[in-house]
Amino acid sequence: MARVVLEGIRKTYPNCFKAIHGVDVEVEDGEFLVLVGPSGCGKSTLLRMIAGLESITEGQLTIGDHVVNNLEPSERNIAMVFQNYALYPHMSVYKNMAYGLKIMGLPKAEIEARVKKAAAILELTDEQLTRKPRQLSGGQRQRVAMGRAIVREPSVFLFDEPLSNLDAKLRVQMRLEIKTLQANLGITSVYVTHDQVEAMTLGHRLMVLNAGNVEQLGTPIELYQRPASLFVAGFIGSPAMNFAEARIDAEGKTITISGQEALPLGSGGMAEHGGKDVILGIRPEHLELVAGAPDAVPMTVTMVEQLGADTLVHGHFGESRSDLTVRLDGIRNIKGGEVLPIRVTPDHLHVFDPKTERRLS
Amino acid sequence: MLKNVHFGPSVLPFLLVLPQIIVTLVFFIWPASQALYQSVLLEDAFGLKTEFVWFRNFEELLSDPLYWDSFKITIVFSFLVAFLSMSFALALAIFSDRVIKGSGAYRTLLIWPYAVAPVTAGALWVFMFNPTLGIVSYALSALGYEWNHQLNGGEAMALVVMASAWKQVAYNFLFFLAGLQSISKSLIEAAAIDGAGPMRRTIDIILPLLSPTTFFLLVINIVYAFFETFGVIHVVTAGGPAGATNILVYKVFSDGFVGLDLGGSAAQSVILMIIVISLTVVQFKYVEKRVAY
Ligand SMILES: Nc1ncnc2c1ncn2[C@@H]1O[C@H](COP(=O)(O)OP(=O)(O)OP(=O)(O)O)[C@@H](O)[C@H]1O
Ligand SMILES: [Mg+2]
């Protein structure tokens, strides 16, 4: 068990590419931290620096009580699960799991006990332990990779998109298993993903990276409810948040999307930003279809996607050009070209500065 | 899935394969059948009388201790050549795999020896090790070692092994390097996290994963040592001293063209043919099965 503390961590690759521009985060003992961000933003780089597979250009990394900047991966007491599993193809499942323990020099009986225990936790049968990795299904390989991490009894687990090679159904199942496992073992974990659902559900805290910078760090619900920047707002939540250029009136009581009715700003308004041009963000699930409401805004429908549980309606407000997605529950009989009365719930408006792209208020 | 495309009857396909067929017939099938034919004949040294003797040439050959000596020498020689050139190439490939700067130039340089003809390679080594003129033998004598491969059978063997292995290193290096680069980097990283140092990773992970390449190269190198080292032997030792480096191919030449025992020499060729055919069969049969994982 250990805390992982990153202080001013930077990474410059040998080709002078700056991948990480200063990350500070304290991962508490037993905490599950999820790293998300678009492809190429430096998630793997950061994780690999924690693992010791990439050198740390600048900053200090502490695991437990030790600064580990210059320690070998094996001396950091971590275990890592790779995206492609990285199982040794020429070794049986048992040997794959036992390899690290053998190198540690543990007695045979101890190795066997640990492997058997991990196999039991992961529901791998004795017969499967004798197989080669290529004789297993993707989900089973994933379990073996987890097993190899567990048997080491590390103080930190590192995951680099471990579920991205699995099909959708298995991914849901393994996601739950990883969450349960982490909760039961209580091992500090850092998990890289770019899957929305994994990001929202797995971790205690979520860190959004963008081009090597930390955009926001907080609980998933905090990030969902109060995204600190336009980037986070667009990245967290699926389908993505709707954005429209808008203007706040002089008193800061209402907000107007160009050419539309003014919408009331909830919870006391934004007096300090009166008269400002802003970007308004509204999540698709915070738009309602209400026939006959006085404050409804007409929306012209262009496309409808039926998901069964929900219906996604794409279109735009009146004459405005900014695209809009509305998420309605259940199956709806709506066709392209229709005009729908849509109401915006005032408490769920997100207002951003168009220049700094930061959240206002 | 390959599609079967049917063309109308045409001579073009036959014309296109004709050069290949002619080359095979003239340079392979015809000499091979000649060897087969000669191996059951007994001819006098002047080529005046020829007698059909069934398998007597083979019987004589197999009861000749000199032939078995040559056989043993060939085994030792090819084992040493394969081992030396492969282990050296593997070491180079492992180091080169880690080189980041200038790896292109380094690899290109390493490949050059392969372009050197066997005879030239042999001449090069003979010159370096010449007991009176050679730079290496000069250095050795400065260290108190009198090198003379013209008298010492062991030294002669060492020299032809070195010369033959040197030429093959480049070829092996290329294959090992390709093999190494096909090993997923994350496997090595997983092993590093598991606590295996560079040496241990090489032994536990890299070598087993290279075993298909190693097996392939082993067969190729044995075939090379058996058959393609003629030029080196011819220039460096001519099979001597006292037959110490008289490997089977060289014996075919010296018995047939120098000793003029055409029947016996042809019988030896036939045996060599059988060896190379079986090596090739082994190669094809096991190269896939031998994949250790
Ligand atoms: N060895 C390297 N040398 C130079 N640049 C690199 C190296 N490895 C990664 N990069 C660059 O660093 C940036 C971050 O890479 P990284 O692999 O951390 O991205 P990522 O967030 O994990 O992306 P993905 O979601 O696609 O896995 C990328 O722009 C990449 O091109
Ligand atoms: Mg990555």
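How many helices and strands does the secondary structure of chain B come to? Chain B comes to twelve helices and two strands, where helices (H or I, at least four residues) and strands (E, at least two) are DSSP runs numbered from the N terminus. What you're looking at is a predicted model, in which local features need pLDDT of at least 70 and side-chain atom pairs count only at pLDDT 80 or more, while totals for chains, interfaces and linings use all residues. Residues are numbered from 1 along each chain as its sequence is written, chains are lettered from A and ligands numbered from 1 in the order in which they are written, and side-chain values use heavy atoms, with hydrogens and water left out.

**Chain B on its own**

- Follow chain B along its sequence and you get the pattern α-β-β-α-α-α-α-α-α-α-α-α-α-α.
- Its C-alpha trace spans about 75 × 75 × 35 Å along the principal axes.
- Of the 293 residues in chain B, 41% are buried (buried means under 20% relative accessible area, exposed over 50%, partly exposed in between, with a 1.4 Å probe and protein chains only).
- Helix α11 (residues 248–258) of chain B is mostly covered, with eight of its eleven residues buried; among them are Leu248(B), Tyr250(B) and Gly256(B).
- Ser87(B) sits in helix α3 of chain B and is partly exposed, at 33% relative accessible area.
- Ser87(B) and Thr214(B) are 127 residues apart along the chain, yet their C-alpha atoms are separated by 9.9 Å.

**The nonpolar cores**

- A nonpolar core is a set of buried Ala, Val, Leu, Ile, Met, Phe, Trp, Tyr and Cys residues joined through side-chain atoms within 4.5 Å.
- The largest one has 60 residues, and Leu6(A), Val23(A), Leu46(A) and Leu158(A) touch the most other members.
- Helix α3 (residues 65–98) of chain B gives the most to this core, with seven residues.
- Apart from that core lies another, of 42 residues, including Leu101(A) and Ile150(A).

**Where the chains meet**

- On the chain B side, 19 residues are in contact (heavy atoms within 4.5 Å) with 23 residues of chain A.
- The buried area between the two chains is about 1,800 Å², and carbon and sulfur atoms give 62% of it; buried area is the accessible area (1.4 Å probe) that two parts lose on being put together, summed over both.
- Between chain B and chain A there are two salt bridges (a side-chain nitrogen of Lys or Arg within 4 Å of a carboxyl oxygen of Asp or Glu).
- One salt bridge pairs Arg48(A) with Glu189(B), at 2.7 Å from N to O.
- Asp194(B) forms a salt bridge with Arg152(A), their closest N and O atoms being 3.6 Å apart.
- Asp194(B) is buried at 4% relative accessible area, and Arg152(A) is buried too, at 8%.

**Salt bridges elsewhere**

- Over all chains, the count comes to 22 salt bridges.
- Glu110(A) and Arg114(A) meet in a salt bridge at 3.0 Å, N to O.
- Those two residues are four apart in helix α3 (residues 108–121) of chain A, so about one helical turn separates Glu110(A) from Arg114(A).
- Glu288(A) and Arg343(A) also meet in a salt bridge, at 3.2 Å, N to O.
- That pair links distant parts of the chain, with Glu288(A) in strand β15 and Arg343(A) in strand β19 of chain A, 55 residues apart.
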